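Hi,

Here is the structure I promised to pass on.

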Amino acid sequence: MSQETRIPKPIPQPDGPSQPFFDAGLTGKLLLMKCTACGAVRLPSRRHCDRCLSTDLEWVPASGRGAVRTFGVMHQRYHPGFNDDIPYNVTIVELEEGPRLPTNLVGISNDQIRVGMPVVVDWERHDDVALPKFRPA
Amino acid sequence: MVRIAHNQGVRMSHPLRSAAAITGLGMTPMGRVFGKSATEFAADAIRLALADAGLNKAEVDGLLINAGVSQGISLGLQNYVGLDNLRLLNHMNAAGSTAAQMVQYATLAIAAGMAKHVVCVFADAPLTQGSSAGAAYGMRANAPARPQGMVGLYTAAGYFGANTPYALAARRHMALYGTTQDHLGAIAVAQRRWAVMNPVAQMRQPMTMVDYHASRWIIEPLHLLDCCLVSNGAVAVVVSPADVARDMPQPPVYIWGMGQGHPGDSNRAGSDWETETGARFAARTAFAMAGIGPADVDVCELYDCYTYTVLVTLEDYGFCPKGEGGPFVADGRLGPGGSLPTNTGGGELSAYYMWGMTPLSEAIIQARGAGGARQVAKHDVILCTGNGGNLSYHACLILSPHAS
């Protein structure tokens, strides 16, 4: 058990489409991808717009504000990196701009979380990436 | 002969309505059954289905294959069983919607004259002796230390397994519509009441709402008893032309209607994937083909990977208005003696988890009137659904013991 808990949580490795997102996160900026053809705003997980298939994309800053779309409280042990956090919240934040981020709320107890509550980004710094966590606004 | 008001008068019925029928069903022992591979289970199920249908192997000219989570069967199953007369063959995957889809494509192929007797088979053997059900479905997630790109945000948030998205969907429904834990529990309890009467169900001990609330949390708002079982085993069905089915040994189970709906990316901006699923589209297509509406359905066999899946599916088929699924199920309506008997074998929650073959096998049993102690008296129209992914993939069949 003690050996298990020393296994760290898996941290994302930036890839082609997401590199600017993670780079900006290190400076505390939340960037989204906007299609210059149709205006759709998306998380940067592909090299084209999934609404109109245009490849003409630009980066736009997000406000960092959003609301809890939904959440769960995890009790099941899956990955040893999370064992010490159980029960922990898994939250989907809907950003003001529309896209939705899987994240965890910090600075709030799980029983206080409500769908629709306003939240703001709170970056969690790791060695070479920062993760967009959220706290109550 | 069933009388359906919608289908009378001058309106022409759909050309594929009752074009084909299910003529054979084979089920191996299912659950914590060890000592066989998925391929061996599949061969057993095919042998049982052919015996049930009164067919010899040489008469089979179509084979559709769906592997479960263990990916233990493939196109090689053809040669393992020794089917050398095939005019139709595929290894299909649309997750939990595949079983219904295999019957759909079999029906289309039969109507097109491409095949006559099509075997559709699902087999899985994820359980090994001494291991937990959770381990079989990746509970001890072997996430890479550095998952690539934006997908890594899910892993970094501790978003694991199918349990997470279904918990998130259920929570959203609760927040929007006031659905309660008791509503989800009512589904689990009703299905267990059916399972108690099903000799092949894995969970046959009675369960109360107190038991439901006492079961451990997996991820709130889902208790252990909101989640499906994990099973080894296989189920095979035979689909044949309706005019041929009439002269086969089993009472034919006619395919009146079929449909699919796949809404796609569950996290796209603007999506309401949590509370409005592809079942809405499948329902429209299938009800139109069958010439009926939800009020004509006697029995539901709904894919129930989670209690919540049943609730949202009932809404999306129009059995009750959107958001009212909780109160709809709360009065025991789905259980024995209720007005909408649903998952009458216990379903994936309490009987066995053969993906879409769980609702399909029980639909066939009920349509044949072969349900024994759990047989529903009025079983003229049976809705059978399949769901997969994160409420991402949906397919359905409307089945009947009557050709018209």
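Below is what turned up, starting with the sheet in chain B.

This is a predicted model, in which local features need pLDDT of at least 70, side-chain atom pairs count only at pLDDT 80 or more, and totals for chains, interfaces and linings use all residues. Residues are numbered from 1 along each chain as its sequence is written, with chains lettered from A and ligands numbered from 1 in the order in which they are written.

Chain B has an open sheet of nine strands with mixed pairing, in the order E3-E2-E4-E7-E1-E8-E11-E10-E9. (Strands are DSSP runs of E, at least two residues, and helices are runs of H or I, at least four, numbered from the N terminus; two strands pair if DSSP finds at least two bridges between them.) Strands E3 (88–91) and E9 (299–301) of chain B are the edges, each pairing on one side only.

Within that sheet, E2 (62–67) and E4 (118–124) of chain B run parallel, joined by six bridges; Leu63(B) has Val119(B) as its bridge partner. Helix H1 (38–53) of chain B packs on the sheet, touching E1, E2, E4 and E7 of chain B. Val121(B) touches Ala42(B) and Ala45(B), among others (contact means C-beta atoms, placed from the backbone, within 7 Å).

Now the partner chain: 37 residues of chain B are in contact with 37 residues of chain A. H6(B) gives the most to chain B's side, with seven residues.

Cheers

Key:
Two residues are in contact if their C-beta atoms, placed from the backbone, lie within 7 Å. Axes are lines fitted to C-alpha atoms, for helices over the stretch in contact, and angles run from 0 to 180 degrees between N-to-C directions. Lists of a residue's contacts leave out its neighbours within four places in sequence.
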